[in-house]
Amino acid sequence: MRQDVKFLRDGELIELNNIDPNETLLDYLRLREGSCGTKEGCGEGDCGACTVAIGSLKDGKLQYQAVNSCIQLLGMMDGKEIITVDDLSKGPLVKGSQAKRSQQLHPVQDAMLRHHGSQCGFCTPGIVMSLFTLYHAKMKADRTTINDQLAGNLCRCTGYRPIIDAALESCTGKAEDRFRQDAQARTTKLNELDDKEDLFIGDEAKFFAAPASTKTLASIYEKHPDAVIVAGATDVGLWITKQLRDLPKIIHIGRVTELQKITHDTNEIIIGAGVTYADAQEVLATIDPDVAEIIRRIGSTQVRASGTIGGNIANGSPIGDSPPLLIALNAKLSLQKGTDTREIDLEDFFIDYGKQDREEGEFVSKIRVPKLTENEIFRSYKISKRFDQDISALLAAFKLTIDNNRITQARIAYGGMAATPKRAAHTEKALQGIDLNVSETWEKAVQTLEQDFTPLSDMRASADYRMEAAKGLLIKALHEISSETIDHESDQTRVIGARAIDVREAV
Amino acid sequence: MLHKSPDTNVSTATVGKDNKHDSAERHIKGTALYIDDIREPQGTLHLAPGYAQASCGKIKSLDLSAVKSAPGVVAVLTAKDIPGVNDCSPAMGDDMILADGHILFHGQVIFVVAAKSHLAARKAARLAKIEIEETAPMVTVEDGLEKDASVLPPYEFLRGSPDEVIAYSPYKITDSFHIGGQEHFYLEGQIAMAIPGDDGEILVHSSTQHPTEIQHTVAKMLGVQDAAVVCECRRMGGAFGGKESQAAQWAALSALVAHVTGRPAKMRLDRDDDMIMTGKRHDQACHWQAGYDDQGKLTAVNVEFNSRCGCSADLSLGVNDRTMFHADNSYYYPQARILSRRVMTNTVSNTAFRGFGGPQGMVFSERMMDTIAIKLGMDPLDVRKINFYGDEDRNITPFGMQVQDNILDELVSELESTSDYRNRRKEIAAFNEKSPFLKKGLALNPVKFGISFTLKHLNQAGALVHVYTDGSVQVNHGGTEMGQGLYTKVAQVVAEEFGIDLDHVRITATKTDKVPNTAPTAASSGSDMNGMAAKQAAQTIKDRLIDLASKLYQVDKTTISFAHNKVKVGDQEIAFAELTQQAFLERVSLSSTGYYATPHITWDRDTKDGRPFLYFAYGACCAEVTIDTLTGEMKVDRVDILHDVGKSLNPAIDIGQIEGGFVQGMGWLTTEELVYDDQGRLRTHAPSTYKIPTASDIPEDFRVNLWNSTGNREDTIYRSKAVGEPPVMLATAVFSAVTNAIASLSPGQVPQINTPATPENILRSVQDMKKRDKRAGEE
């Protein structure tokens, strides 16, 4: 059992045995280190001013990901490397830098400077760090990837155009900064930090634990069922920074090897509870382009780098984006307590608002997602005030089984329409047997949604809107599926998120 | 032709160049210091506000014992701890620093906690037990109107007899719609740090657009002379009007704690607290009638703006006056009544926001143009053009000012052509014809925005220039830097004057002990006024140097010129630094103040007479959008902008202002929605619920150009024009394009839609149109 947190700070080893379980990474940087380049804009992971890059090993290779340091707990940094804006222009000259005066600048800083990418400058350090991680992504950035990368970095001054131009110019997929140059040394150090030791800092009353195995996790949680399990802290972080809750006992699952696994074959995908959205995205995309698009629109790049699908389910929110998606796909959920495990239908996990089928001391261990079969067609849509990095007003997911242009079975789930993510049982039934050729027959099924849901009004949308949009999305799905299966010629049906051109054969 | 400006093709070395923002390198390195980054003096206390959880009522009891005994707490102060005047209002004396007895809005600050850490203070602030005897709050404009509650008397412009003329016009229309408010969402929240000094003196670092007002508020609150208080602001992490009057409360509370405890005190608002406790753009309920002829030409306009001012006057007088000043936008109203009611509600006091009421006025005029076009089946651009102000006639605004610098026809025609407006109009009609769910819309809207403070005495600025013997220069002025590049532009002006490189000019933090009695940095006037004042200060020193050189080198003054860090004196050249060294030896002062008062401003609010603006800035925007009629979702596909900045002081910075202003305006009219519940509590008080544009919201095809101007016809700094606010209003084109897209569903029917055009508002309007279209079909 190890009793100090170890991480790299721009390549240098830091060991701390005096951390508060609720201490955030941002507070560590600004208050303890006095590194004030990183800013606090909102304290809830929505503005990106506090963005830093986290280095970790993925399949043995060093990767840098942007995260919101305001809602990352310091203890979660164990085994990782932290790079902040304060580090970027340190060190030796950077190759490829153009302006004479800017020779000490990192290429993304240099491009930001030349494109007039800052005005008030407060969001700028976060944007620079976001672009730094894009610079290290092994691909040439285009407008789409840049929009995606920057979705979690709000700028109120520039209107983004110069920042996008700076990114287009500097993020070419050919990283040759000092971080790349000594990537090997950093990789070695990170490998050394991966000691597979359980981490426990504090005492029985107040601690930060980061077990290395499911076995230790299960035993600590059984002993401390009042502890809070934290995966990416994109929700729990706000309990600390906004609700100002004291969470004396934190169990972080990010080091539990078994929970970080994602496996798949032709029939199904199995996602460990500690797998981040970012790591799950690619595999989930093999189910359907719409699944990938929904995952892409969860939070921001920063949120997806730390948040997990397991956490999105476990916190039981009625407006989480992955549950309705996974319920429509008929996903199964595994829960573990001590050495006992059980598997349930994901939809049964959500009992009521704030109430889930989870016993004391029991934790979510994995999610099993069946892939689509030959005659199944899938559609999903997210509606929010802003396209990127917004919480859904509603989300709809449809899995239809089609036989000879007829719907033989429908599995539909909505988020944001009830106290839990919920299936539309009446509508599913009403759709059975409908001929996709005869659009006049759709209307009755569409109206059936009113029997399934009585949505609420809140700051995101009114009850009326939710119902009307829910109907609109079903019409849209039916329209898209009918044109796909019948005439192969589709009208433009979406203002964003057009499906990749891989229209499935008619069945 | 009136609009032809004088030839101003003077060649310049620094002015007019794409110099980088003076702090750009520090921004991208993270080394630019904002107030929270300044090393705190030892023993600094951290503050947090305790606020009312009710919107209206009387404080029955206030139990702060748990707050006081919370870990880390050093002091808890209430209204009774204020030695002087408990007011942080900009003028009217109606904004309490700490509530005393009555609660006027949810979020009103009742006490302040000072603790050893920010977190300790925030945690302690939540432990208060406050009982409030609640009365039903007035939440909406309609609530306030019903009770006849107002923060200021109504104000009206009247020309002719619009009601009669409308009644007898060939066509007339009556309409109402609601214009939403807007949260500033400056990335750096409100913050101040006060450091006590010698003999009751106090230094306040404040993220403020108005250091002088901070100085006055703090002095008044502490009961000391203005001279005992210094306010400093090096830079703000964004402001947009939100730190014009409303930075004062946090500065005052910091100063209060520093005064009472004798320790430095810093107050940084948490984002949610900031959004709950500070005012926003005024939302307005707009009712209007207009008469027009078969060409769409207006005969008369009668418009009422009912503005939600919140619980106090704040800057509502000027803001709502400017709504009226811009209710005409670019159009001549032969007869007009423009009325503004300043409605009181039990919500946070609304305040300045980039455009200062102007955007609300222009959203109205643009909706009127769209409405007339739909009714007549005309292209909206043709209706707009036929109503433009004229050059020789039809050029008097409803407030009596003659429009003398009109470039609307040329500017709009150029954009019409470069944006390929007419062809795209046809393509869009064809698209809409065959697309069942998605519909496109297009609009090309003009902007005409008056430059100057409408409160005459604010049109003044001061500067202080020091030249050091090594030839380096320090500049200080009353303007503040909030990202707009003011410091850079003023430094360019000074460098130009002395003929030295820009990096020899150091701009120093705005500070009330350097340049006193300043106006806020607002009304887009920063570089117009401070640039002129700095130029004058530099000129004074330069004149002294010329006198000296003429004497020393025995040459005629006319042969002396400054360029490339050198001074040409007759036939010889000496280094600028050499001449400044000589000046010291010859006992010539190398320091001077400068001062500027904007000329020709004669507006008298009481008599509604005179000229409020020195000139107008113009621009136009063409926007194309696609809406989804099943969900109400909307995407802005392409935007073309042509904007007039006169002779630009710095084209790169000006383009940045235009793009940023447009996107901010677009956010206001599309995704940014403030939601209050029926108890008057703001429900959208964080970026998780209040959505400003992000990178993917800007149009993929975004073309921004500066109007090829021959220069401002008025004698402004290098014939440039102000650029801070006008571009916000270019975004009305997005709202008009949405209206246009919805209107395609049922030709001739006017879509009912409020701003912002959220998916929900668009879908409601779409469904309403479909119903009306169905009814029309059945009849």
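This is a predicted model: local features need pLDDT of at least 70, side-chain atom pairs count only at pLDDT 80 or more; totals for chains, interfaces and linings use all residues.
1. Helix 13 (residues 421–434) of chain B has 14 residues, which at 1.5 Å a residue should span 20 Å; its end C-alpha atoms are 20 Å apart, so the two values agree. The expected span is 1.5 Å times one less than the number of residues. Helices here are DSSP runs of H or I with at least four residues, and strands are E runs of at least two, both numbered from the N terminus. Of the 14 residues of helix 13 of chain B, one is buried, so the helix lies largely in the open. A residue counts as buried if 20 or more other C-beta atoms lie within 10 Å of its own, as exposed if 12 or fewer do, and as partly exposed in between, with C-beta atoms placed from the backbone.

2. Residues are numbered from 1 along each chain as its sequence is written, and chains are lettered from A and ligands numbered from 1 in the order in which they are written.

3. On the overall form of chain B, a compact globule of 779 residues would have a radius of gyration near 28 Å, and the 27 Å of chain B agrees with this. The radius is taken over C-alpha atoms, and the globule rule is 2.2 Å times the number of residues to the power 0.38. Along the principal axes, the C-alpha atoms of chain B fill a box of roughly 95 × 75 × 50 Å. The secondary structure of chain B amounts to 19 helices and 27 strands, and 63% of its 779 residues are buried. Among contacts in chain B between residues at least 6 apart in sequence, 80% join residues at least 24 apart; a contact requires C-beta atoms, placed from the backbone, to lie within 7 Å.

4. Chain B is assigned three stretches of domain structure: domain 1 (45–135 + 190–268), domain 2 (284–454 + 605–778) and domain 3 (460–597). Such bounds come from an automatic or database domain assignment. The C-alpha centres of domain 2 of chain B and domain 3 of chain B are separated by 40 Å. Their contact draws on 16 residues of domain 2 of chain B and 17 residues of domain 3 of chain B. On the side of domain 2 of chain B that touches domain 3 of chain B, 10 residues are nonpolar, five polar and one charged. In this scheme Ala, Val, Leu, Ile, Met, Phe, Trp, Tyr, Cys and Pro are nonpolar, Asp, Glu, Lys and Arg are charged, and the others, Gly among them, are polar.

5. For chain A, the assignment gives domain 1 (7–194) and domain 2 (376–487), with C-alpha centres 40 Å apart.

6. The interface between the chains involves 65 residues of chain A and 71 residues of chain B. Elements of chain A that give two or more residues to it include helix 4 (124–135), helix 5 (143–150) and helix 20 (463–487). Helix 20 of chain A gives the most to this side, with seven residues. By class, the side of chain A that touches chain B holds 32 nonpolar, 19 polar and 14 charged residues.

7. Helix 5 of chain A also has buried residues, namely A:Ile146, A:Asn147, A:Asp148, A:Gln149 and A:Leu150. Their cover includes helix 4, helix 6, helix 12 (289–296) and helix 13 (301–306) of chain A.

8. B:Trp668 is found in helix 17 (residues 651–669) of chain B and counts as buried because it has 32 C-beta neighbours inside 10 Å. Leaving aside residues up to four places away in sequence, B:Trp668 touches B:Gln182, B:Ala731 and B:Pro756.

9. Strand 21 (residues 560–563) of chain B and strand 22 (residues 566–569) of chain B run antiparallel and are joined by four bridges; strands pair if DSSP finds at least two bridges between them. Two residues lie between these strands, and B:His564 in the turn has a positive phi of about 50°. In chain A, strand 12 (residues 332–337) and strand 13 (residues 340–345) run antiparallel with six bridges. Their hairpin has two residues between the strands, and A:Gly338 in the turn has a positive phi of about 60°.

Definitions and conventions
Two residues are in contact if their C-beta atoms, placed from the backbone, lie within 7 Å.
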